[in-house]
Number of protein chains: 2
Amino acid sequence: MATSTFDLNRERVVAVAAELFARHGYHGTGIAELGKAVGLGRGALYHYIESKEALLYAISRTQVDRMNAHAEQALASALSPEELLHEMARGLLRNIAEHRAEWAVFFRDYSALTGERRDKVIAARERYEGYWRQALDRGVASGALRPAPPLLVKGILGMLNYTYLWFEPDGELSPEELADEYVDLLLRGIRVSS
Amino acid sequence: MATSTFDLNRERVVAVAAELFARHGYHGTGIAELGKAVGLGRGALYHYIESKEALLYAISRTQVDRMNAHAEQALASALSPEELLHEMARGLLRNIAEHRAEWAVFFRDYSALTGERRDKVIAARERYEGYWRQALDRGVASGALRPAPPLLVKGILGMLNYTYLWFEPDGELSPEELADEYVDLLLRGIRVSS
């Protein structure tokens with residue numbers, strides 16, 4: 001799997017852009033600032049990226065595509081519905097913990113995308129929500145889970161996504177352990193008797 | 001309760017700033033743009049606000065203070081622990097639904113605050129989390145709830161806060177109904193037998 005110099009340079013530009021956008025906001029980061037941070041002049045920079053919005057798109061799309069690939073793999077496996085929910089939550093929290101800058105940019109600024117780029121990111125995002133619905137539906141079909149309200153998926157994703165704001169990679173819990181705690185809670189509830 | 005012209009004008013400036021920050025980002029909104037939107041020159045604008053950061057502070061602080069006041073009132077009432085959780089969730093989702101621009105600005109950009117302002121918003125935010133912990137602890141003390149992991153509060157707040165991104169005020173559910181669904185889910189869990 002040969003990766004070209006062009007690809008490597010582009011990846012570096014995207015990574016540095018993610019850090020800058022996360023720190024100063026997408027709107028608050030200029031192309032000149034980005035060029036300075038990666039050590040490229042305006043012309044060389046535009047060799048690797050089409051526009052600032054293309055960078056925001058690359059950052060957002062990469063993360064969501066990664067989560068879709070992870071969910072597809074989990075759904076294709078032989079996991080039980082409950083194990084499947086755990087695995088999907090683990091994948092998401094691990095990814096957020098490893099790419100906090102990218103996720104911060106995505107959550108804060110994806111709404112700055114326009115036109116086709118915006119549509120594509122929203123569609124990819126909806127596909128991911130659909131995978132969670134599939135996992136929950138499997139649990140209902142198998143008799144393991146009660147039918148839950150349609151907005152449960154957004155609630156679960158809120159619980160998991162919000163970690164981008166506070167999760168400490170050096171804290172007591174690993175992302176996987178936190179994912180397990182949250183999914184266990186959703187499965188069992190917190191009431192003593194039900 | 002007399003409200004001065006100064007206060008009314010300042011409120012209007014803060015409200016317009018919230019809309020602009022929500023649309024173009026805090027970093028992406030200039031003072032000149034804000035002046036134009038409220039129809040005030042630079043000098044007149046600075047009569048009402050100290051700085052752009054002071055606006056971000058006012059927007060963030062107002063929402064968090066409101067939620068703290070609501071939680072304090074709920075905690076001081078005679079509600080059972082489960083009713084208390086419902087009431088706190090209802091208050092938060094109602095507030096988010098009514099002030100989506102302000103909450104978007106808060107969640108996206110409060111980290112742009114510096115120094116004392118940043119410390120104060122973070123402290124107010126932590127007080128709010130503490131109220132949720134108190135409510136859960138009461139449930140445990142009364143025997144109604146199982147002791148939950150310390151990070152549950154952040155999970156619940158993620159579930160509720162994330163609605164700022166997607167909640168449709170004209171949708172099928174009112175904010176209060178959605179709050180009830182989420183809290184019921186947390187209380188009961190989604191597993192068939194536990």
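## Interface between the chains

In this predicted model, 44 residues of chain A are in contact (heavy atoms within 4.5 Å) with 44 residues of chain B. The two chains bury about 4100 Å² between them, 60% of it on carbon and sulfur atoms. Buried area here is the accessible area (1.4 Å probe) that two parts lose on being put together, summed over both. On the side of chain A, Arg146(A), Ile190(A) and Arg191(A) lose the most area to chain B. Together they account for 20% of what that side buries.

Why do the copies meet through the same surface? They do so because 100% of the interface residues of chain A are also interface residues in chain B.

## Symmetry

Two copies of a chain are related by a rotation about an axis and a shift along it. Here a rotation of 180° with 0.0 Å of shift superposes chain A on chain B, at an RMSD of 0.0 Å. That is the relation of a two-fold axis. In chain A, the C-alpha nearest the axis belongs to Gly189(A), 1.7 Å away. The superposition is by least squares on the C-alpha atoms of residues with pLDDT of at least 70 in both copies.

## Fold of chain A

Chain A has nine helices and zero strands. Helices (H or I, at least four residues) and strands (E, at least two) are DSSP runs, numbered from the N terminus. The C-alpha trace of chain A spans about 65 × 35 × 30 Å along its principal axes.

## Helix α8 of chain A

Helix α8(A) covers residues 152-161. It packs on α9(B), residues 175-188, at an angle of about 70°, with the axes 11 Å apart. So α8(A) is roughly perpendicular to α9(B) (65 to 115 degrees). Axes are lines fitted to C-alpha atoms, for helices over the stretch in contact, and angles run from 0 to 180 degrees between N-to-C directions. Leu152(A), Lys154(A), Gly155(A) and Met159(A) meet Tyr182(B), Leu185(B) and Leu186(B). Nonpolar covers Ala, Val, Leu, Ile, Met, Phe, Trp, Tyr, Cys and Pro; charged covers Asp, Glu, Lys and Arg; the others, Gly among them, are polar.

Within chain A, α8(A) also packs on α5(A). The axes of α5(A), residues 81-98, and α8(A) come within 10 Å and cross at roughly 35°. The crossing is right-handed (the near helix is turned clockwise from the far one by less than a right angle; anticlockwise is left-handed). Ala89(A), Leu92(A), Leu93(A) and Ile96(A) in α5(A) meet Leu157(A), Leu160(A) and Asn161(A) in α8(A). The residues divide into six nonpolar, one polar and no charged.

## Helices α4 and α7 of chain B

In chain B, α4(B) (residues 52-76) and α7(B) (residues 115-141) pack at about 20°, with their axes 9 Å apart. They are therefore roughly parallel (under 35 degrees). Their crossing is left-handed. Residues of α4(B) in the contact include Tyr57(B), Arg61(B) and Leu75(B). Those of α7(B) include Arg117(B), Tyr128(B) and Arg138(B). By class, the contact has 11 nonpolar, three polar and nine charged residues.

## Conventions

Residues are numbered from 1 along each chain as its sequence is written, and chains are lettered from A and ligands numbered from 1 in the order in which they are written. Local features need pLDDT of at least 70, side-chain atom pairs count only at pLDDT 80 or more, and totals for chains, interfaces and linings use all residues, while side-chain values use heavy atoms, leaving out hydrogens and water.

Key:
Parallel < 35°, antiparallel > 145°, perpendicular 65-115°, else oblique.
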